[in-house]
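The following paragraphs lead the reader through one protein structure. Please keep the sequence and the model in view while reading.

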Amino acid sequence: MASVLVVEDDQFVRSALIRHLTDAAHTVRSVGTALEALREVAHVRFDVVILDLGLPDLDGSEALKMLRGITDVPVIIATARDDESEIVRLLNAGADDYLTKPFSVEHLSARMAAVLRRSRASSGETPPSTVIRVGGLAIDPLRRQAELDGVRLDLTRREFDLLAFLAGRPGVVVPRKELLAEVWQQSYGDDQTIDVHLSWLRRKLGETAAKPRYLHTLRGVGVKLEPPGAGVRP
């Protein structure tokens with residue numbers, strides 16, 4: 001059971017979501033505007049937020065940025081927009097997942113379950129206690145902190161999860177399907193999601209796809225993390 005905030009101005013859609021989530025034993029609160037959503041998350045602890053983009057007072061993407069300023073609660077975007085650049089922008093703004101309307105209740109349930117598994121795994125009480133070191137990288141899963149050459153990296157939750165997963169397998173090429181399954185807890189998905197997060201990580205590690213130091217993408221195979229100078233690059 002999870003505590004869910006539904007942010008949706010369409011009363012028909014809103015009622016259907018509330019009914020479905022309640023039937024699934026979740027605790028549900030709902031609002032119809034972005035400002036109401038901000039007030040809710042400022043005073044109530046939720047496990048997940050389902051956020052519509054077409055809100056009457058503020059565009060949902062702007063509301064997402066404001067939400068990220070006050071909370072790290074997982075946010076699933078529910079939108080009729082399917083433009084690729086829009087999806088990238090939403091991920092860049094801090095969305096944990098997105099669903100394109102219309103979607104089935106089964107699809108929503110699967111996405112919610114995946115987001116909640118990731119969130120609860122991130123805050124679990126028994127993470128590894130040893131610091132992972134790869135070259136100048138030091139990753140502490142217990143404190144969820146990472147440093148590069150002694151300087152702390154400012155990573156989002158998903159960026160940290162991706163970095164820690166790859167660092168735990170230094171030099172091993174990890175297939176994209178495995179990354180989706182282990183980091184995103186999804187059996188299928190868009191490779192673009194991985195590419196976007198890899199791009200963010202590279203920027204924070206001071207490298208690029210053209211001139212990689214730690215993160216190496218093998219086209220059609222997968223991704224690996226290894227220290228600089230560990231071998232000849234494919």
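Predicted model: local features only at pLDDT ≥ 70, side-chain atom pairs only at ≥ 80, totals over all residues.

Buried area is the accessible area, taken with a 1.4 Å probe, that two parts lose on being put together, summed over both.

The protein chain is divided into domain 1, residues 2-122, and domain 2, residues 132-225. Taken over C-alpha atoms, the centres of domain 1 and domain 2 are 26 Å apart. How many residues of domain 1 are in contact with domain 2? The contact involves 15 residues of domain 1 and 14 residues of domain 2. Between domain 1 and domain 2 an area of about 1300 Å² is buried, and carbon and sulfur atoms give 43% of this area.

The polar side of this interface can be described next. Three residue pairs are in polar contact between domain 1 and domain 2. On the side of domain 1 that touches domain 2, at least two residues each are supplied by α4 (84-93), β5 (97-100) and α5 (105-122). Helix α5 gives the largest share of that side, namely six residues. Sorted by class, the side of domain 1 that touches domain 2 has seven charged, five nonpolar and three polar residues.

The structure holds twelve salt bridges, and two salt bridges are found across the interface of domain 1 and domain 2. Arginine 158 and aspartate 96 meet through their side chains in a salt bridge, with an N to O distance of 3.4 Å. Aspartate 96 also forms a salt bridge with arginine 68, in which the closest N and O atoms are 2.8 Å apart. This second pair links distant parts of the chain, since aspartate 96 is in the loop between α4 and β5 while arginine 68 is in helix α3 (residues 60-68), 28 residues apart.

Is aspartate 96 buried or exposed? Aspartate 96 counts as buried because its relative accessibility is 6%, and the cut-off for buried is under 20%. Arginine 68, at 24% relative accessibility, counts as partly exposed.

With a relative accessible area of 22%, glycine 94 is partly exposed. Leaving aside neighbours within four places in sequence, glycine 94 is in contact with Leu64 and Arg68. The C-alpha atoms of glycine 94 and serine 104 are separated by 24 Å, although these residues are ten residues apart along the chain.

Another salt bridge joins glutamate 159 and lysine 204, whose closest N and O atoms are 2.6 Å apart. Glutamate 159 lies in helix α6 (residues 157-167) and lysine 204 in helix α8 (residues 191-204), so this pair ties together parts that are 45 residues apart in sequence. Glutamate 159 has 2% relative accessibility and therefore counts as buried, whereas lysine 204, at 31%, counts as partly exposed.

A further salt bridge is formed by glutamate 226 with lysine 224, the closest N and O atoms being 3.7 Å apart. Glutamate 226 is buried, with a relative accessible area of 9%, and lysine 224 is buried at 11%.

Two residues of domain 1 remain to be considered. Serine 3 has its place in strand β1 (residues 3-7). What makes serine 3 count as buried? Serine 3 is buried because its relative accessible area is 17%, and the limit for buried is under 20%. Not counting residues up to four places away in sequence, serine 3 touches Thr27, Arg45, Phe46, Asp47 and Val48.

Histidine 20 is placed in helix α1 (residues 11-23). At 18% relative accessibility, histidine 20 likewise counts as buried. Beyond residues up to four places away in sequence, histidine 20 touches Val105, Leu108 and Ser109.

Key:
Residues numbered from 1 in each chain as written. Heavy atoms only, no water. Domains from an automatic or database assignment. Contact = heavy atoms within 4.5 Å. Salt bridge = Lys/Arg side-chain N within 4 Å of Asp/Glu carboxyl O. Polar contact = N/O pair within 3.5 Å; in protein donor to acceptor, adjacent residues only side chain to side chain. Helix = DSSP H or I, 4+ residues; strand = E, 2+ residues; numbered from the N terminus. Nonpolar A, V, L, I, M, F, W, Y, C, P; charged D, E, K, R; others polar. Buried < 20%, exposed > 50% of the residue type's maximum accessible area, 1.4 Å probe, protein only.
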